[in-house]
Amino acid sequence: MNPQRHNNLSTKLTLCKILAVTAFVIYIIIVYHNSESHICKLPVDRTLNKAATFISSPSPSPLSLPSPSPPPPTSTNVSQLVFCISGSVKAWGNRRSYIREWWRPNITRGYIFFDKEPTVDILPWAYDNLPPYRVSENTTNLEVYSRHVKPDVIRIVRTILETFREGDMDVRWYIIGDDDTIFFLDNMVQLLGRYDHTKYFYIGGISECIKSNFDFSFEMAFGGAGFALSYPLVEALVANLDQCIGTYPFYFVSDQILSACIADLGVSLTSEKGFHQIDLVDDISGFLSAHPHAPLISLHHLDIVSPIFPTMDKHKSLRHLMTAAKVDQTRLLQQTVCYHKQNYWTFSIAWGYSAYIYEQLIPRSILRRPFETFTPWSLIRKPPDYMFNTRLVTNNSCETPHIFYFHSITKVNSNNDSDSDSNSNSNSNSNSNSNSNTTSDEIMLTYVRDKPRQLSACSPHNSADHISKIQVYTPATKLNFVEHRGECCDVLNIDDKNTVEIRIRDCKKTEIIIV
């Protein structure tokens, strides 16, 4: 055989083998690929078909609909607050009028807990204008009772537990207070509405006096001023309360024990300036006339301080203040400052309480410091006494104001008609300038002089001794403290009838109150 021919044949056989093997491998790959594609493709196609059916279907299956969005949270209202008030049968006769001033029958919810069964002199119970009463549970059988330094406070601490056990529905906040605490409900609701009631919150205020805070705690809400606990916090607190009371047998007051138990749950105090313990004595008019820029939430110890209106007793004084509160709680005690530069006068208005005229121009930054007309709770002046700056009372005629107190409140409608509101002493003799300066939906407050200042004028030609009345016009709209930066005012008129007219208004965007 020809060697060259043999080599060509061998080469052809080799190529054929390679082609055969290659074809076989390709065949295997194709078979495997088609098989895998078939297996994987079937559910994908079905899913796509289902998706196409869902998209094109005019009536989708309920199972295929997305979950509905939760409804938006509703605003807090007073019926979602439950008050837990600690009381004493012995003191009740003098204090029940305080609760009547702020309690709203069939609207507010809560209980007053007495230390023993009410006596015949305070029965039958006036359920129509007072909260229902309860007698605190007997705590003498608790293990901690015998070793506690002041076992009587245990029953006060446990009033929150007993209130929670009442099982009230739709509760967002529990409010702790004393039987001589005065709450301003509208402001309370507005304040708590800023906070998430589904979280753990402990909201209140500390004492006005440094020593009181030092003796107890700078991080404790004082119960006389009242404080608010969110529902989740109370739920966790009561589950551990008796055990926690046993941890603190050396604390003398219930507020300390509750504060410690709340701290052990990992919750700190959220301080708000509108809660007032009033650990002050004597005349607190200076304090009330320079209230901090915050809604007034509570007052306390009004049965200990001097009457807040000097011509009335303590109970009538509170009732008189509440006539203004019933018209507009948001502005109550809020300080507004303006000037009459021709006379070199400064006006400081504490809405619903007092009005001051100074015979010199004084910056607002100074006027926000209260006159120290009061004494610290300890009765011993040893500065620094207070948690705020004060001004000393003086006989300097340029620094001592002419003082006017709230007398009446009137709603003024768009037809310039005045309707006396909630006050038998309302003055209806507004002069013509008052009417000409009013706008629709205003409220007019009248302040009258307390007594002659009995000081010489600051300068020969700017005496305010002849002024006997100040009329202040304010918008009928309520203040929103979330956005509110304080209001401004204008002196409208100083007439020959010894009356000054002032209008409170919104401050302009870049307006600064400066002399």
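Mentor: Phe252 has 49% relative accessibility, so it counts as partly exposed (buried is under 20% relative accessible area, exposed over 50%, partly exposed in between; 1.4 Å probe, protein chains only). The model is predicted: local features need pLDDT of at least 70, side-chain atom pairs need 80 or more, and totals for chains, interfaces and linings use all residues. Residues are numbered from 1 along each chain as its sequence is written, and side-chain values use heavy atoms, without hydrogens or water.

Phe252 sits in the loop between helix 7 (231-247) and helix 8 (254-264) (helices are DSSP runs of H or I, at least four residues; strands are E, at least two; both numbered from the N terminus). With Val149 and Phe250, Phe252 makes a nonpolar surface patch of about 300 Å² (residues over 30% relative accessible area with no salt bridge; nonpolar side chains joined within 5 Å, like charges within 9 Å; areas by Shrake-Rupley, 1.4 Å probe).

Now the charged pairs. There are 19 salt bridges (a Lys or Arg side-chain nitrogen within 4 Å of an Asp or Glu carboxyl oxygen). Asp303 pairs with Arg95 at 3.3 Å. These partners are 208 residues apart: Asp303 lies in the loop between strand 10 (298-299) and helix 10 (314-325), Arg95 in helix 2 (residues 89-102). Asp303 counts as buried because its relative accessibility is 17%.

Arg331 bridges to Asp328 at 2.9 Å, and both are buried. Arg158 meets Glu162 at 3.9 Å, N to O. Arg158 is buried at 4%, and Glu162 at 6%. Shared partners join Glu137, Arg158, Glu162, Arg165 and Asp242 into one network of salt bridges.
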